[in-house]
Amino acid sequence: MHIVVCIKQVPDSAQIRVHPVTNTIMRQGVPTIINPYDLFAIEEALRLRDKFGGEVTILTMGPPMASDSLRKALTFGADRAVLLTDRFFAGSDTLATSFALSSAITKIGEVFGAADIVFTGKQTIDGDTAQVGPGIAKRLGLTQLTYVAKVADLDLAGRSIEVHRRAEGGVQVLKSPLPCLITMLEGTNEIRRGSMMDALRAARAEVVTWSAKDAGIPDVTKCGLRGSPTVVKRVFAPTPRAEKAQFVDPAGEPPADALINAIFKRAPKLEAELAELSRGY
């Protein structure tokens, strides 16, 4: 079994600043991390590898410094890492990114073996679109299983997988043929720490680095800014609310009751409206 996990190196959102004049993100001096949602995808891939055997390949697209995140993924126990980096990829939106990554996954299949499962996080913390995973699935003709909370069963002999997908109002239990693409939800597993041996191996490991040509991308006009129909016009910080939060002192009564009483005091009509609605039940 071969599993490919697509990750992204992103700025640490806790330390992102917005320039007060240009309203653009100030990346200088901001540390980068593996997209937090992608960590759950890595862990799920490693769990399946540990249980059923096979290999896990980590793939990312970005500048050369993105190799740091790949080495971090190797410390968790991944088998290899592939970095897709080229000046042609600069400024890629989700459409161009999914095109480049799907091309790289096809190349990975030719070099290291076809992927049975492709994992991604549900979304990234910098873009928040949740479009790249489904975009890859569409380009590769894979069944896409999004917002997956649990991989319930994997039948390699029967070439099928069963997952629990979180949906509005409940959980969907889906069975899909392999190969497929899965986007993992947050909090679905506990990220391992990785062993000392894996950390030493990651430090010595060679990160496979491909350009657009190496990845078998014949048309670079579909990459980067030229291949991106969407652009970010402006990034800005939300306007602070003039009204500050109100502190509610329970003063000896249950906190929930104190909060409800404070709400009704602030909105006198609300209590009467709720009472009127309750009469219909």
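Two strands count as paired if DSSP finds at least two bridges between them. Helices (H or I, at least four residues) and strands (E, at least two) are DSSP runs, numbered from the N terminus. The model is predicted: local features need pLDDT of at least 70, side-chain atom pairs count only at pLDDT 80 or more, and totals for chains, interfaces and linings use all residues. Residues are numbered from 1 along each chain as its sequence is written, and side-chain values use heavy atoms, with hydrogens and water left out.

**View 1. Nine strands form an open sheet.** The strand order is S11-S10-S9-S12-S8-S1-S6-S7-S13, and the pairing is mixed. Strand S11 (170-177) and strand S13 (208-210) are the edge strands, each pairing on one side only. From one strand to the next, the twist averages 30°. Axes here are lines fitted to C-alpha atoms, for helices over the stretch in contact, and angles run from 0 to 180 degrees between N-to-C directions.

**View 2. Strand S10 meets S11.** Strand S10 covers residues 160-167. Eight bridges join S10 to S11, and the two run antiparallel. Serine 160 has proline 177 of S11 as its bridge partner. Strands of a sheet pair through backbone hydrogen bonds, either parallel or antiparallel.

**View 3. Helices lie against the sheet.** Helix H2 (residues 67-75) touches strand S6 (55-61) and strand S7 (80-84). The direction of H2 makes about 165° with that of S7. Helix H4 (residues 132-140) lies across strand S1 (2-6), strand S8 (117-121), strand S9 (143-155) and strand S12 (180-184). Helix H4 runs at about 180° to S12.

**View 4. The largest nonpolar core has 35 residues.** A nonpolar core is a set of buried Ala, Val, Leu, Ile, Met, Phe, Trp, Tyr and Cys residues joined through side-chain atoms within 4.5 Å. Buried means under 20% relative accessible area, exposed over 50%, partly exposed in between (1.4 Å probe, protein chains only). Val5, Ile58, Ile117, Phe119, Ile161 and Ile182 have the most contacts inside this core. Helix H1 (residues 36-52) gives the largest share, six residues. Another core, of 23 residues, lies apart from it, with Ala100, Val118, Ala215 and Cys223 among its members.

**View 5. Isoleucine 161 and its contacts.** Contact means heavy atoms within 4.5 Å. Neighbours within four places in sequence are left aside. The partners of isoleucine 161 include Ile117, Leu145, Leu174, Cys180 and Ile182. Asp153, Lys175 and Ser176 are also among them.

**View 6. Arginine 192 forms a salt bridge with aspartate 50.** A salt bridge is a side-chain nitrogen of Lys or Arg within 4 Å of a carboxyl oxygen of Asp or Glu. The closest N and O atoms of this pair are 2.9 Å apart. Arginine 192 sits in the loop between S12 and helix H5 (196-204), aspartate 50 in helix H1, 142 residues apart. Arginine 192 is partly exposed at 24%, and aspartate 50 is partly exposed at 46%. Glu43, Arg47, Arg49, Asp50, Asp79 and Arg192 are linked in a network of salt bridges.

**View 7. Glutamate 186 forms a salt bridge with lysine 122.** Their closest N and O atoms are 3.4 Å apart. Glutamate 186 lies in the loop between S12 and H5 and lysine 122 in the loop between S8 and H4, so the pair ties together parts 64 residues apart in sequence. Glutamate 186 is partly exposed at 30%, whereas lysine 122 is buried at 15%.
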